[in-house]
Amino acid sequence: MPKDSGIGASIKRREDVRFLTGAGNYTDDINVAGQTYAYFLRSTVAHGKIVSVDTAAASKMPGVLRIFTGADFEAVGGLPCGWQITSRNGEVMKEPRHPILASGKVRHVGDPIAAVVAKSLAEARDAAEAIGVEIEELPAVVDMRAAISGAAPAVHDEAPDNLCYDWGFVEENREAVDAAIKSAHHVTTLELTNNRLVANPMEPRVAIGDFNRASGDSTLYTTSQNPHVIRLLMGAFVLGIPEHKLRVIAPDVGGGFGTKIFHYAEEAFCTFAAKALNKPVKWTADRSEAFITDAHGRDHVTKIELALDKDGKFLAIRTATLANMGAYLSTFAPSVPTWLHGTLMAGTYTTPLIYCNVKAVFTNTVPVDAYRGAGRPEATFQLERVIDKAAREMGIDPVEIRRRNFIPADAFPYQTPVAVAYDTGDYHATMDKLVEIADFAGFEARRAESAKRGKLRGLGLSSYIEACGIAPSNLVGQLGARAGLYESATVRVNAAGGIVVMTGSHSHGQGHETTFPQVIAEMFGCPEANVEIVHGDTGRGPMGMGTYGSRSIAVGGAAMVRAAEKIIAKAKRIASHLMEAAVEDVEFANGVFSVAGTDKKVDFGSVALAAYVPHNYPLESIEPGLEETAFYDPSNFTYPAGAYAAEVEVDPETGAVTLLAFSAADDFGNVINPMIVTGQVHGGIAQGIGQALLESAVYDANGQLLTGSYMDYAMPRADDLPMYAVDHSCQTPCTHNPLGVKGCGEAGAIGSPPALVNAVLDALNAGGIGVEHIDMPLSPSRVWAAIQSAK
Amino acid sequence: MTKISMKVNGEAVSGEVEGRTLLVQFLRDHLGLTGTHVGCDTGQCGACVVHVDGESVKACNMLAAAADGAEVMTIEGMAAPDGTLSVIQAAFQEHHGLQCGFCTPGMVMSAADLLNRNANPSEAEVRAYLEGNICRCTGYHNIVKAILAAAATLRGEAVAAE
Amino acid sequence: MYAFDYQKAGSVSDALAALKAEDAQPISGGQTLIPTLKARLAAPSALIDLSGIAEMKGIEVAGGMVKIGGAVTHQSVADHAGVKAAIPALAQLAAHIGDPAVRHKGTIGGSVANNDPSACYPSACLGLGATIHSSAGDMAADEFFQGMFATALDAGQIVTGVSFPIPEKAAYMKFVQPASRFALVGVFVSKGAGGVRVAVTGASESGVFRWTAAEDALAGNFSPDSVPPAPAADGMIGDIHGSPEYRAHLVAVMTKRAVKAC
């Protein structure tokens with residue numbers, strides 16, 4: 001019988017009612033009295049020297065309050081980077097200044113040159129068109145190999161070779177890896193691209209700056225996954241506003257997928273301009289602007305070599321990756337191809353020797369940073385592609401080759417050769433489940449049926465591992481992180497028993513307002529309806545780190561549990577007084593405190609009331625009130641893992657790929673709300689399918705984005721996708737967080753792309769068309785071209 | 001400036017608009033009906049879908065003045081006056097057909113338009129009808145399920161609980 | 001958008017009078033024009049709305065012809081029992097333009113007048129040998145379409161309707177561009193009193209065109225096997241969604257499939 005309350009119940013989401021009735025409160029829905037509108041004049045060339053910006057005539061146009069240029073921001077900080085990587089030679093990465101408005105040069109199409117603030121958006125835009133800009137266009141560099149060739153123009157003078165860093169991991173393993181590859185029975189080599197993507201949350205970014213001259217307080221409303229981080233970065237590093245004078249509010253946010261983690265120039269601009277003009281300033285991106293300003297994702301070019309013995313056991317892996325940083329370092333960009341990527345190269349396997357080299361490259365393109373999965377999809381894609389290729393070369397079944405190399409279930413905790421230690425997992429179990437739910441046994445019959453219709457059917461799989469809830473802070477600090485990676489929660493029990501949880505985790509689709517109360521309900525033995533979640537407002541909760549990297553329940557949820565445990569401990573002491581019993585004899589279950597072996601009991605509500613109306617109360621030993629805060633800094637990542645399969649049909653005449661079925665068997669440890677977890681997997685899978693079959697951000701050689709709207713950037717639509725079979729019954733609970741949970745937000749996007757590509761290649765090869773690799777997205781034209789070249 | 005009048009969610013409204021004012025701007029900025037969203041500028045995403053004279057229309061791709069005299073229905077008009085969710089809205093909640101909620105108003109309006117035209121759509125027909133509504137969160141699985149379930153409920157069939 | 005005046009035209013003559021104003025432009029369903037205006041790629045002084053003109057809103061099926069008014073929406077064509085019976089391929093084509101919300105607004109007159117090189121309707125006009133009715137008179141589709149976004153109309157002239165001869169059989173096959181869902185290649189094939197016609201949209205840098213080699217081959221033997229090898233790739237569109245060679249190849253594949261579906 002499924003539970004209908006507490007942990008493990010598929011409770012319907014309470015937030016749905018407002019979203020379904022048009023009562024959501026997204027940032028663009030907010031209008032501050034007297035607000036003005038910002039419009040950014042952006043570079044239309046990818047690289048150029050700003051010769052002059054003449055705002056004189058434009059400033060006199062109707063409605064214009066002021067036009068800002070780069071000169072206005074020379075005294076404030078640039079946008080900070082939150083992670084410093086150290087190169088193999090011991091030098092720290094190149095970290096060029098990222099000004100709020102371009103200064104001296106423009107470095108990508110979309111780089112803001114000037115910003116007009118006017119009484120209406122139309123007036124702001126009219127004036128922006130009247131600004132006289134003279135730019136001396138410079139040759140642009142777009143291709144990463146060209147960028148570091150020594151013959152390319154420099155994006156930044158500080159990095160004449162366009163190299164941000166050259167990272168080796170694990171450097172001490174390098175010679176052993178080289179030797180193992182040299183002497184191996186078989187080496188499979190694959191060169192591949194992890195295509196550049198645009199995150200495309202359906203809500204474009206918005207920022208509203210407001211300033212109260214009487215109090216000196218600034219408020220920023222913004223579409224952020226982590227308002228506290230924006231307050232810290234913008235306040236401390238850009239504008240110099242102390243945190244107590246700056247409130248950042250991220251209300252309902254229409255999806256993030258990573259791209260709303262980062263601190264963007266428009267946020268700092270609106271905050272700065274609101275103070276300068278003493279008027280609220282609002283900026284709303286349109287989608288075209290989002291394409292050229294939101295940080296993009298992925299964009300790696302990799303060569304991977306896998307050494308195997310004669311039985312198909314993995315001996316060593318060596319990779320060389322070029323990672324595009326774009327024109328500036330976005331907030332967490334340097335960490336993505338390094339610590340979020342190299343550490344995952346063991347995958348679910350026992351490969352003893354691994355070495356990764358990553359060169360991060362500046363180009364005249366939009367900055368690239370974390371996008372759903374961030375580094376982990378890139379790792380999984382290489383690994384699962386090269387394994388499939390090795391299986392084909394060695395004539396081993398793709399399931400079998402993986403099974404031969406899985407870390408066995410009894411080997412946990414398992415120390416990988418790439419720094420991380422997996423706490424729990426059972427990769428054979430998820431593979432077993434996958435083989436069952438994807439009906440591998442019936443596949444050949446289905447393949448034969450497709451063949452009768454002239455179609456090539458293929459089955460592809462992947463086995464992924466993810467590292468979620470990046471931590472602990474002191475370790476990541478040594479690795480270059482400039483932020484803590486804890487989470488906070490305050491649990492406030494009100495006098496009448498109602499509970500408010502203020503969490504640093506931000507919900508922008510994940511359903512925290514529903515799931516977090518399930519945990520409290522389980523702990524306190526109360527209905528979920530008694531619990532309210534407050535998030536997304538630095539003015540209403542303790543310092544938090546926000547939502548990214550599938551960390552909310554594993555880190556934010558754990559902080560809430562810690563705070564709730566403090567509440568229970570204090571409440572027990574109050575109850576012991578009320579029941580005149582020793583505190584060690586007080587038990588708490590189902591919302592009632594009792595004394596073992598007696599009929600004495602007092603309910604939770606009475607204890608809460610006593611805490612706030614402390615008449616019969618030991619004031620000398622216990623403070624009144626019932627409110628506790630906890631900061632939780634995990635001792636390790638969590639490691640969800642699973643196995644995915646895609647079944648496709650290829651039309652050999654057109655190259656069109658039809659996805660017929662997609663199956664996912666995941667291990668997320670304990671699950672709070674299975675309905676929501678399943679939904680998270682669905683969404684991740686769709687984004688992974690999008691990457692594999694449809695999506696790609698493409699620049700021409702001059703740095704113009706050719707896919708700058710939904711007319712050319714192919715978003716997955718309902719009729720591109722099938723129903724998914726999703727299972728998370730394999731559960732090896734996390735051993736180091738109090739809920740035994742692992743992250744589930746990114747898994748779908750990590751495990752799915754290689755399964756898709758493997759499936760298409762299986763279809764082609766089984767159909768007698770020898771194709772070793774096709775770069776994503778596997779669009780009809782690319783698949784057709786691959787078929788032609790194989791003929 | 002042109003004076004326009006229309007019925008929005010059954011209520012007579014009027015306002016002064018420029019020729020270039022879009023219907024979505026009129027709804028959001030003039031009437032404060034912010035449930036209708038803007039997710040793109042090329043008419044693809046469908047976050048702005050409303051009904052004009054009983055048919056789904058992209059409110060970001062129609063001039064407000066062109067809707068003069070029309071009957072417009074937005075997401076705010078879908079639930080009963082006492083707040084009870086419509087069958088489609090309730091099905092979206094029951095089947096977890098939304099996550100961030102941004103595309104949801106357009107999805108609900110397109111779903112309602114589909115079910116007005118076709119009381120018994122197949123899964124493929126539902127997917128085809130959502131061609132102009134992009135969701136980035138759900139992978140569509142639960143949206144499609146919700147619409148099929150709502151159709152069954154509206155036909156008076158029992159729907160298995162989730 | 002730049003500012004403009006908006007005027008609903010009550011009749012064709014009203015519309016033509018209003019369009020005499022400098023830089024005035026007609027708008028029908030607006031599904032292409034409004035995004036263009038939003039991007040500030042056009043700056044009309046006034047938009048004259050044709051979508052409410054009663055005399056442009058009818059569909060007639062009579063005398064071996066289907067006559068559709070310029071202001072008829074794609075959805076109305078798709079749903080029309082007479083069109084479905086007379087030229088099912090045309091109703092099918094209309095039923096797959098854009099998405100439902102677009103079909104509820106977009107009109108045949110707007111689509112034909114705009115002559116987007118990837119639009120569906122121009123291929124039906126050319127593939128059925130339609131007559132385009134306009135304020136400048138009636139014109140054969142063969143004369144009307146003059147290359148990408150170019151037609152025989154001058155500024156201030158409007159498409160008032162299209163008459164399609166009812167063929168013996170016809171079919172339209174569209175291979176969609178994955179992002180926009182416009183035709184990467186669309187082929188409209190018909191066989192009727194005027195012979196075999198094969199019209200191709202989406203593929204050519206010169207806009208919609210007739211593939212005469214296929215017409216000739218199919219005139220002899222109307223069978224998928226008669227479709228000649230792919231036309232030359234010269235002059236085909238090449239972009240991130242497909243090379244000229246790919247488009248040329250798809251022309252042949254879609255033609256075969258259309259013939260098979262006839």
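Student: How many residues of chain B are in contact with chain C?
Tutor: This is a predicted model, where local features need pLDDT of at least 70, side-chain atom pairs count only at pLDDT 80 or more, and totals for chains, interfaces and linings use all residues. Side-chain values use heavy atoms, without hydrogens and water. Contact means heavy atoms within 4.5 Å. Chain C brings 27 residues, and the number from chain B is 24.

Student: What area do chain B and chain C bury between them?
Tutor: Buried area is the accessible area (1.4 Å probe) that two parts lose on being put together, summed over both. Arg20(B), Asn61(B) and Glu131(B) supply 29% of what chain B buries against chain C. Carbon and sulfur atoms carry 54% of the total, which is about 2100 Å².

Student: Which side chain of chain B meets Asp99(C) in a salt bridge?
Tutor: A salt bridge puts a side-chain nitrogen of Lys or Arg within 4 Å of a carboxyl oxygen of Asp or Glu. Chain B and chain C have 3 of these salt bridges. At 2.5 Å, N to O, the partner of Asp99(C) is Lys58(B).

Student: Which element gives the largest share of the side of chain B that touches chain C?
Tutor: Strands are DSSP runs (E, at least two residues) and helices are too (H or I, at least four), numbered from the N terminus. Strand E4 (55-58) and H3 of chain B each give two or more residues. With 4 residues, the largest share comes from E4(B).

Student: What area is buried between chain B and chain A?
Tutor: Here 47 residues of chain B are in contact with 51 of chain A. Carbon and sulfur atoms give 58% of the buried area, about 4100 Å².

Technical notes:
Residues are numbered from 1 along each chain as its sequence is written. Chains are lettered from A and ligands numbered from 1 in the order in which they are written.
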